[in-house]
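Please read them with the sequence and the structure open beside you.

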Amino acid sequence: MLADMLNHRRAVRHYDADKKVDSEKVRECLRLAQLAPSSSNMQLYEFYHITDPETLKQLAVACLSQGAATTAPQMVVFVTRQDLYRERARTVLDFERGNLNRNSPPEKVPGRLKKSEFYYGKLLPFIYARCFGLLGLLRKILTLSASLFRPVVVDVSEADVRTVVHKSCGLAAQTFMLAMAEQGYDTCPMEGLDSRMAKRILKLPRGAEINMIVACGIRKEGRGIWGERFRLPFEDVYREI
Ligand SMILES: Cc1cc2nc3c(=O)[nH]c(=O)nc-3n(C[C@H](O)[C@H](O)[C@H](O)COP(=O)(O)O)c2cc1C
């Protein structure tokens, strides 16, 4: 059950060296992670599944040698690829063309096609483009002007769009961690890391960004979890309107 997985998943900081993790199962969890929703279905992320001992050692240093990293038999680096927006938009649009033809009433196809072509062919490439903050400023001016007349998406600065990309990648990471919990595997999401060093180790291109590194393994009984789980009282975070 989902509730069991949510309760089982803890941030595990020490893994059992005697308990092996099956790479194929981890890969399967990453396939499931791809089922996470992503903004405009752009899927601007990549998953680097690290099983090579030498790379694990180097990445553990980049993760500030924290216990979760030094004891993890495998890691997954969740990487955002905003720089791939043009090709991802093209790929999604290609799929949408076929999807519309297969699944829309014939008389609706031309109109829907036109909307998708505008959205993926023109609007998204404009929204995802970056140029030292300047394009974001231009988008902000345009959307704030339009918002005087009707509701529009106003969070379109370059920082806003970068957040959008990281949000979707984070959802994929969480989906992965839940899939791992279902397998009886443990994880620890980490952002306490030297991202420049991690990028260098993985030879990532300039446009790639580390979203988080997830340590993977099986918890060492008595050491894996740092005590009880703490959550705020539900009433402190829940508002019904
Ligand atoms: C984005 C993110 C980054 C995190 N970074 C670290 C980290 O660098 N090191 C660490 O030990 N835990 C890290 N954590 C784990 C949190 O500390 C942990 O999830 C929180 O204390 C709640 O504990 P629980 O996951 O066991 O419920 C991170 C969690 C998230 C979501």
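1. Among contacts in the protein chain between residues at least 6 apart in sequence, what percentage join residues at least 24 apart? The value is 77%, and please keep in mind, here and below, that this is a predicted model.

2. On the overall architecture, the protein chain has 10 helices and four strands, which follow one another along the sequence in the pattern α-α-β-α-α-β-α-α-α-α-β-α-β-α. The C-alpha trace spans about 60 × 40 × 40 Å along its principal axes, and of the 241 residues in the chain, 41% are buried. The chain exposes about 14,500 Å², with carbon and sulfur atoms supplying 57% of that area.

3. Turning to the aromatic residues, a search of the whole structure finds six aromatic pairs. Tyr-85 and Tyr-128 form a stacked pair, with 6.4 Å from centre to centre and 20° between the planes. This pair links distant parts of the chain, since Tyr-85 belongs to helix α5 (residues 85-103) and Tyr-128 to helix α6 (residues 109-128), 43 residues apart. Both Tyr-85 and Tyr-128 are buried. Elsewhere, ring pairs link Tyr-45, Phe-47, Phe-78 and Phe-176 into a cluster, while Arg-13 lies over the face of Trp-226, at 4.3 Å from the ring centre.

4. Two residues in loops deserve a look together. His-14 is placed in the loop between α1 (2-8) and α2 (23-33), and it counts as buried because its relative accessibility is 16%, below the 20% limit for that class. Leaving aside residues up to four places away in sequence, His-14 touches Thr-71, Ile-218, Arg-219, Lys-220, Arg-223 and Gly-224. Phe-132, in the loop between α6 and α7 (134-146), counts as exposed because its relative accessibility is 83%. The C-alpha atoms of Phe-132 and Glu-158 are 8.3 Å apart in space, although the two residues are 26 apart in sequence.

5. A nonpolar surface patch of about 570 Å² is made by Phe-230, Leu-232, Phe-234, Val-237 and Tyr-238. Of these residues, Leu-232 is found in the loop between β4 (209-217) and α10 (234-237).

6. Side chains of opposite charge can pair when their charged atoms come close. The structure holds 12 salt bridges, among them one between Asp-83 and Arg-81, whose closest N and O atoms are 2.8 Å apart. Asp-83 is partly exposed, with a relative accessible area of 35%, whereas Arg-81 is buried, with a relative accessible area of 9%. Arg-97 and Asp-94 form another salt bridge, the closest N and O atoms being 2.9 Å apart, and both residues lie in helix α5, three residues apart, or about one turn of the helix. Arg-97 counts as partly exposed at 31% relative accessibility, as does Asp-94 at 48%.

7. The side chains of Glu-209 and Arg-162 also meet in a salt bridge, at 2.7 Å from N to O. The pair links distant parts of the chain, with Glu-209 in strand β4 and Arg-162 in helix α8 (residues 158-182), 47 residues apart. Glu-209 is buried, with a relative accessible area of 16%, while Arg-162 counts as partly exposed at 37% relative accessibility. Finally, salt bridges that share partners join Glu-24, Arg-27, Glu-28 and Arg-31 into one network.

Note on methods
Residues numbered from 1 in each chain as written. Predicted model: local features only at pLDDT ≥ 70, side-chain atom pairs only at ≥ 80, totals over all residues. Heavy atoms only, no water. Phe/Tyr/Trp six-rings, centres within 6.5 Å; stacked < 30°, edge-to-face > 60°. Buried < 20%, exposed > 50% of the residue type's maximum accessible area, 1.4 Å probe, protein only. Lys NZ or Arg CZ within 6 Å of the ring centre and 35° of its normal. Patch = residues over 30% accessible without salt bridge, like charges linked within 9 Å, V, L, I, M, F, W, Y side chains within 5 Å. Areas by Shrake-Rupley, 256 points an atom, 1.4 Å probe, with all protein chains shown as cover. Salt bridge = Lys/Arg side-chain N within 4 Å of Asp/Glu carboxyl O. Contact = heavy atoms within 4.5 Å.
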